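This report covers aromatic contacts, a surface patch and a strand pairing. The sequence and structure are shown below.

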Amino acid sequence: MRSVTTIHRYIFREFFPPFGISLCFLTFVFLMTRIPEIMNLVVNYNADMSAVIMMIAFTLPRFMEFTIPMSVMVAVLLTFMRMSGENEMTAMKGAGLSLYRLLPPVLVFCVLGTMLTLFVTVFAVPWGKLSIKEKTLDLARSSMDLAIEERQFNSRLEDIMIYVSHVDMKTKDLTDVFIEDRSVKGMTRISIAPEGRLIHSPDKNVYTIRLFNGIINQVDIKEKTVSNIRFGHYDINIDLAEAQKKSGTAVQKDLDEFNIRELVAFIRTRAGDKARMSEARMVLHEKFSVPFACLFLGLLAFPLGVQSLVAGRSSGLGFGVFFLLVYYIFLAAGWSAGETGRFPPVLGMWLPNLVMGGAGIYLLKRNADENPVKMPAQISRAGAWIKHVYMKLTRHDLPA
């Protein structure tokens with residue numbers, strides 16, 4: 001009994017190195033998708049490094065929501081592939097240990113991954129998304145450069161909506177400008193001009209949008225009158241300090257920025273339309289189904305890693321990549337179907353877990369009976385190539 005406990009501890013410890021490497025590597029890969037946006041903040045809008053670092057930190061929870069389950073599966077898979085390749089699994093089977101006896105450390109590790117991912121989805125992801133929105137608004141309110149984005153209706157400034165088809169960041173020239181100004185109560189001014197320019201005085205927190213050869217449509221709601229004014233040039237002054245005071249710090253939350261209590265309260269009120277209620281249920285179920293993917297994917301990775309002992313080293317990794325892709329395809333399809341309301345949200349979010357769990361139990365039984373599932377040759381070769389690249393990347397920085 002003591003020897004079995006020692007083996008369990010040994011296997012459990014072996015999970016952490018590949019888990020840490022995979023988590024860092026996969027999170028870094030996901031983070032690379034945000035590099036263009038981050039470089040845009042630094043180069044074009046002169047955002048300081050503290051703002052950039054904060055934006056990266058706020059983004060990480062959303063990535064880790066998916067990279068933690070992936071890393072759990074990779075850790076279990078690579079650990080048992082290594083043990084199989086070094087004949088440790090053969091020795092354990094020779095000592096009379098079945099695969100079922102080796103299951104406890106796998107379950108404990110997967111449960112820890114589930115708890116970590118649950119913390120990320122329930123607390124960190126809503127906080128990160130809301131913080132990104134608040135930080136973006138703060139940056140926009142502190143610099144007009146960030147408040148003006150090409151081909152987007154930008155309403156980040158209080159009472160002012162701006163649309164610009166093109167912005168030259170060097171000269172600050174604007175093309176095809178549309179501005180809706182509601183700063184005067186009871187009156188709306190819509191200014192349209194083919195050209196404009198953004199002017200800023202360094203010693204003031206006031207920006208001027210100078211428009212050329214345009215027209216102003218002014219609507220007086222109280223008097224119920226409309227007037228048109230053509231101009232050669234027209235200046236619109238925007239005081240960012242005053243805009244910040246008027247707007248305050250509160251922002252409107254999206255459904256994926258709600259915490260659990262707010263989501264449940266929203267669903268119970270039935271205040272939204274059918275599509276929005278379906279989306280709210282999808283978000284609620286996603287917060288729990290994605291963490292539990294750690295358990296089901298880890299359970300699936302266990303027999304896949306073991307089967308490389310008898311079915312070839314690339315077979316387990318090829319199967320692992322295949323099932324990981326299938327899981328996220330199922331998850332995306334379930335989200336799309338459930339969001340429309342034509343598919344039950346609970347089934348759309350939990351069906352991928354049930355499929356992976358069922359496949360894991362089936363493969364575990366087949367491998368425990370020494371009857372592993374054979375992998376198609378094409379997928380086996382793809383798995384061998386992925387393993388080669390992964391091992392090369394992870395060993396690149398190790399000292400000789």
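Which residues form one aromatic cluster? Phe 12, Phe 15, Phe 16, Phe 19, Phe 80, Phe 109 and Phe 302 do.

## Basis of the values

This is a predicted model, in which local features need pLDDT of at least 70 and side-chain atom pairs count only at pLDDT 80 or more, while totals for chains, interfaces and linings use all residues. Residues are numbered from 1 along each chain as its sequence is written, and side-chain values use heavy atoms, with hydrogens and water left out.

## Aromatic pairs

Rings of Phe, Tyr and Trp (its six-membered ring) pair if their centres lie within 6.5 Å; planes under 30 degrees apart count as stacked, over 60 as edge-to-face and the rest as tilted. The count by this rule is 16 aromatic pairs. Phe 15 and Phe 109 have ring centres 4.8 Å apart and planes at 35°, so their pair is tilted. Phe 15 lies in the loop between helix 1 (2-14) and helix 2 (16-31), and Phe 109 in helix 6 (residues 103-142), so the pair ties together parts that are 94 residues apart in sequence. Helices (H or I, at least four residues) and strands (E, at least two) are DSSP runs, numbered from the N terminus. Relative accessibility is 0% for Phe 15, which counts as buried, and 3% for Phe 109, which also counts as buried. Buried means under 20% relative accessible area, exposed over 50%, and partly exposed in between (1.4 Å probe, protein chains only).

Phe 58 and Trp 127 form an edge-to-face pair, 5.3 Å centre to centre with 85° between the planes. This pair links distant parts of the chain, with Phe 58 in helix 4 (residues 49-85) and Trp 127 in helix 6, 69 residues apart. Phe 58 is buried at 11% relative accessible area, whereas Trp 127 is partly exposed at 46%.

## Strand pairing

Strand 4 (residues 206-220) and strand 5 (residues 225-239) run antiparallel and are joined by 14 bridges; two strands pair if DSSP finds at least two bridges between them. Asn 217 has Asn 228 in strand 5 as its bridge partner. The two strands form a hairpin with 4 residues between them, and Lys 224 in the turn has a positive phi of about 55°.

## Helix 12

Leu 325 is found in helix 12. With a relative accessible area of 53%, Leu 325 is exposed.
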